[in-house]
Structures are given as structure tokens and as C-alpha cells.
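Colleague: I would like to go through this model with you. Could we begin with the charged contacts?

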Amino acid sequence: MQSYYFLVFFAVIKIRFFNSFFKLFSMRSIKVLATNSTNVFLREKLQANPFTENCCVRAITQTQGKGQRGAAWESEPAKNLTFSVLLTRLDIPVEEQFKLSAITALAVLKVLKQLDVANLQLKWPNDILADKKKIAGILIENRLEGKNIKNAIIGIGLNVNQENFIWAPRATSVKLLKQKSYDCDILLQKLVDHLEKDVYKLKNLPIETILTTYKKYLFKFETPCTFETKTGQQKTGIIKNVSKQGKLIIAFGDGILQEFALKEVKMLY
């Protein structure tokens, strides 16, 4: 009898542990038929309630979705994933904010690898390419508290089942690459799970460790490429590194290394 009660007690403790574990890595999910931007949706939600916990919002139609450099994100309604994730209590030093960007990009890449999507690369700062065509993009908005990132709204666009791209000729989708359709809801759950777990698991690692993995997939790393500066000048250079602040370090013909932040240089390929 004592053994029986011990087993019951152990089973209850075990169930409570796994329920707590699941709760830690699960979040509220919101699906809307249409919104101008899922990032804006979550930003307004957080402004209305600063105590909002981790959550995800997916839009079937996103009318004003943006990518890096303010570019519009082309997405047919219901065929792709356009969503944003709110992550709270991050406490990442602001000087290491690129760590969050790199972890996010690598999490998306990890899920695509599980789908056997081949030839995956990361185009600085955080576009995901497949066969040198854009398959996903990321846009992050950080909320600071002192010198740390307290919360982040991570917007992700992933081309899933779209087959025709009008304004983005260098775009591709999972369906185009794998020749079959995918359930967007199931794929969304995988992405959110990996993203949340990886961010909280890896956020305290040294930024150099994250960058080492990031550079393994970096598009055109150590390869001659043409770049255009913000003044319109075009010249050939080689990507040599990515700084802890996320700046692209390029060596041009004169051998001098130059650092570029977002919008200061554009890769032409």
C-alpha cells in the first residue's frame, strides 16, 4: 500500500512538472482575418497592456507588411505565414541586440531544414534564402528598459504555398521547392515552438558563439560580391565578418575593412 501511494505521489509530481514545462514554452495564439501589420497589432496590444505575456498573432491577410529597408512584403492571402511573436522578460544587453536577430534567423532555418528544404543560407542581416531566392524575412522591434532589451516583437514572413510572385522575382516558397502544399497552422506551431525555446535557451550565450553558427550559413561569406553604398557607389568587396553589434564587415580592393550598419550598404547579386 505504501508503495502504491508513493507511485501515485510520484506520478502527480511528474504530471505537474511536465505541465509547467509545457506552459513555459507555450503561448497564446491569435489568428486574425486581416490586419495592416502583425507587428503593429502586437505593438498596440503591448501599449494597451504592458503586462501582456508571450503571444503570437497570425494574419491571413496582411495589408501593409514590411521587410527590411521598409520594403513591402508580397503575400497572397491564406497561402503563406505572416505572423509576429511577442517575447517578454528577455534582458538582453542592447549592445548585443543582433544576438536576437541571429537566433531568430537560425530558428527559422532549422524548421526549414526539417522540411528538407535544401541550399539554405542567411542573407545579412536576417533574410532566409533557398537556392539563392528569398523564402523568409524577419523584422524585429525591441522594447528597452535601461540598457537591456526587455521585450521584442518579432515579425516573420515565410512563403509557404504561394507559386507566383509579381513584385518579388527573386522569391520562392516551400511549395515551389518541394512540389507539395503544407498546412500553415502546423508549420506555424513548429516555428513558434522553436523560436521561443531557442531564444530563452541561447540568449545568455556569448554573442561570439551565436555569430559562429550564423556565419556558417551567411550568404556570400568570404566570396567576392558587388555592393552598393548609400551614396550609390558600387564596388566589389568580400564579407569578412559580422560584428557583435550586427554590422557587416567588408574588405574592398584597398584591403581596408569597413563596417556597415543596416541601410548603409546593399548587396547586388
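Colleague: Which side chain does D127 meet in a salt bridge?

Modeller: D127 meets K134, with N and O 3.3 Å apart. A salt bridge here is a side-chain nitrogen of Lys or Arg within 4 Å of a carboxyl oxygen of Asp or Glu. Please note that this is a predicted model, in which local features need pLDDT of at least 70, side-chain atom pairs count only at pLDDT 80 or more, and totals for chains, interfaces and linings use all residues. Residues are numbered from 1 along each chain as its sequence is written, and side-chain values use heavy atoms, with hydrogens and water left out.

Colleague: Is D127 buried or exposed?

Modeller: D127 is buried, at 10% relative accessible area, whereas K134 is partly exposed at 21%. Buried means under 20% relative accessible area, exposed over 50%, and partly exposed in between (1.4 Å probe, protein chains only).

Colleague: How many salt bridges are there in the whole structure?

Modeller: The search finds 13. Among them, K244 meets E208 at 3.9 Å, N to O. K244 lies in the loop between β10 and β11 and E208 in helix α6, so this pair ties together parts 36 residues apart in sequence. Helices (H or I, at least four residues) and strands (E, at least two) are DSSP runs, numbered from the N terminus.

Colleague: Turning to the sheet, what is the strand order?

Modeller: The order is β12-β11-β10-β9-β13, in an open sheet of five strands with antiparallel pairing. Two strands pair if DSSP finds at least two bridges between them. β12 and β13 stand at the edges with a single partner strand each, so one side of each has no neighbour in the sheet.
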